[in-house]
Amino acid sequence: MQYTNLGTTGITVSKICLGSMTWGEQNSETEGHEQLDMAFDHGVNFIDTAEMYPVPSREPTYGVTETIIGNWLSKQKSRDKIVIATKVVGPAGDWMPHIRHGQTRLNEANILQAVDGSLKRLKTDYVDLYQVHWPERKTNYFGRLGYEYTDEDDGIALEETLSALSKCVHAGKVRAIGVSNETPWGVMRYLHLADTLGLPRIVTVQNPYSLLNRTYEIGLAEVTRREHVGLLAYSPLGFGVLTGKYLHGMRPQQARLTLFKQFTRYLGDRSLAATEQYLEIAEHHELSLAQMALAYVNSRPFLAGNIVGATSLEQLRENLDSSDIRLNDEVLREIELVHKDNPNPAP
Ligand code: NAP
């Protein structure tokens, strides 16, 4: 396992971070704990979760993933060896009214309530990294391209959100802060406010990044490299599409995109066409497609963590073992040709 630092914090994390959003929905608590044990044995010390998990978010399961992790942490008794990242949702009143009775604008009262809820479920008195799950303002995220100008109010100002996060840090409830589903403007704005108001700087951006979505490279890669912020790459297998298991109309039983038809982000024609080409490269070089896709993400210079997800121990083992794979120049060149021909098919 390779390790890196979260920005300039000195918090050391494994480059493979264990995602958790299936625990409490596709996976039971026991299975979640088995995944945690296996990952920990492989040298993973970094876990990503969120108050809204598991996914899809439903009223009866709100917060269950954090509870599953909290139960594991209390069995472990090695809290100081584990780096826990969690998230406060962005505005979700219409979409997920069951979360904190719809009080999800990113204002101070809601953030302070959310962090306390997460700490309680996680059975800990601090989280290592507290992230804003998506922005308050209307902008491009969750696959939206083509920025639309609007005169609508941006809602809670970033100053208030950052100042609330800063209070969490000063209260000792949070060690470092980050954002998710953010744009280059959002990241620069958070950093500017931190520098001018003497507030904590964000140290990570958790955005989608995979062979099917390298949009991070367009603006954020430069911003985050120059500003010492790291990428936490989510959905590195494009919801499982980058294993090849959805090609040619296949819909494996119990797989995420078979179970939840609302998730269409990675199933477009261009995405499947690129996947087929990436599969050819992997087969030609005797690699598994999943491992090639993950090894590609692991090797990016702007990466702070590759957040892998799995619903079985077999999948998890395959994903963890990607950390031992180095892609040679020929594989990287062939990947680049596919990307040039069909860039970001699943933004
Ligand atoms: P992903 O790697 O794109 O997809 C993981 C899913 O693919 C697994 O749950 C499994 O689903 C399938 N899979 C994984 N490994 C496999 C293998 N070796 N062979 C066959 N199938 C395999 O990652 P993700 O789950 O979407 O995201 C990972 C983590 O990132 C999440 O747990 C969460 O912590 C974070 N995340 C954050 C955001 C955000 O907005 N910040 C969004 C998404 C995710 P099936 O078995 O059901 O096929």
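**Group meeting: a walk through the predicted chain**

Okay, so the protein chain has 11 helices and 10 strands, where helices (H or I, at least four residues) and strands (E, at least two) are DSSP runs numbered from the N terminus. Before you ask, this is a predicted model, so local features need pLDDT of at least 70 and side-chain atom pairs count only at pLDDT 80 or more, while totals for chains, interfaces and linings use all residues. Residues are numbered from 1 along each chain as its sequence is written, and side-chain values use heavy atoms, with hydrogens and water left out.

Overall shape, then. The C-alpha trace spans about 55 × 50 × 40 Å along its principal axes. For 347 residues a compact globule would have a radius of gyration near 20 Å, and the chain's 19 Å agrees with that; the radius is taken over C-alpha atoms, and the rule is 2.2 Å times the number of residues to the power 0.38. Of those 347 residues, 56% are buried, meaning under 20% relative accessible area with a 1.4 Å probe and protein chains only, with exposed over 50% and partly exposed in between. Among contacts with a separation of 6 or more, 77% link residues 24 or more positions apart; a contact is heavy atoms within 4.5 Å.

Now, some individual residues. Ser14 sits in strand 2, residues 12-14, and is buried, at 0% relative accessible area. Leaving aside residues up to four places away in sequence, Ser14 touches Met1, Gln2, Tyr3, Gly43, Val44, Asn45, Phe46 and Ala304. Its side chain also reaches the backbone oxygen of Ile16 at 2.7 Å.

On to the backbone. Most residues other than glycine have a negative phi, and most peptide bonds are trans. So where are the cis bonds I want to show you? One joins Tyr53 and Pro54, with omega about 15°, and another runs from Val55 to Pro56, with omega near -5°. Pro54 lies in the loop between strand 4 (46-48) and helix 2 (64-76), and Pro56 is found in the loop between strand 4 and helix 2 too.

Last up, positive phi. Phe239 has phi near 60° without being a glycine, and is in the loop between strand 9 (230-234) and helix 7 (256-259). Is Phe239 buried or exposed? Buried, because its relative accessibility is 16%. Glu286, also not a glycine, has a phi of about 55°, in the loop between helix 8 (269-284) and helix 9 (289-298). Glu286 is exposed, with a relative accessible area of 75%.

Key. Polar contact = N/O pair within 3.5 Å; in protein donor to acceptor, adjacent residues only side chain to side chain.
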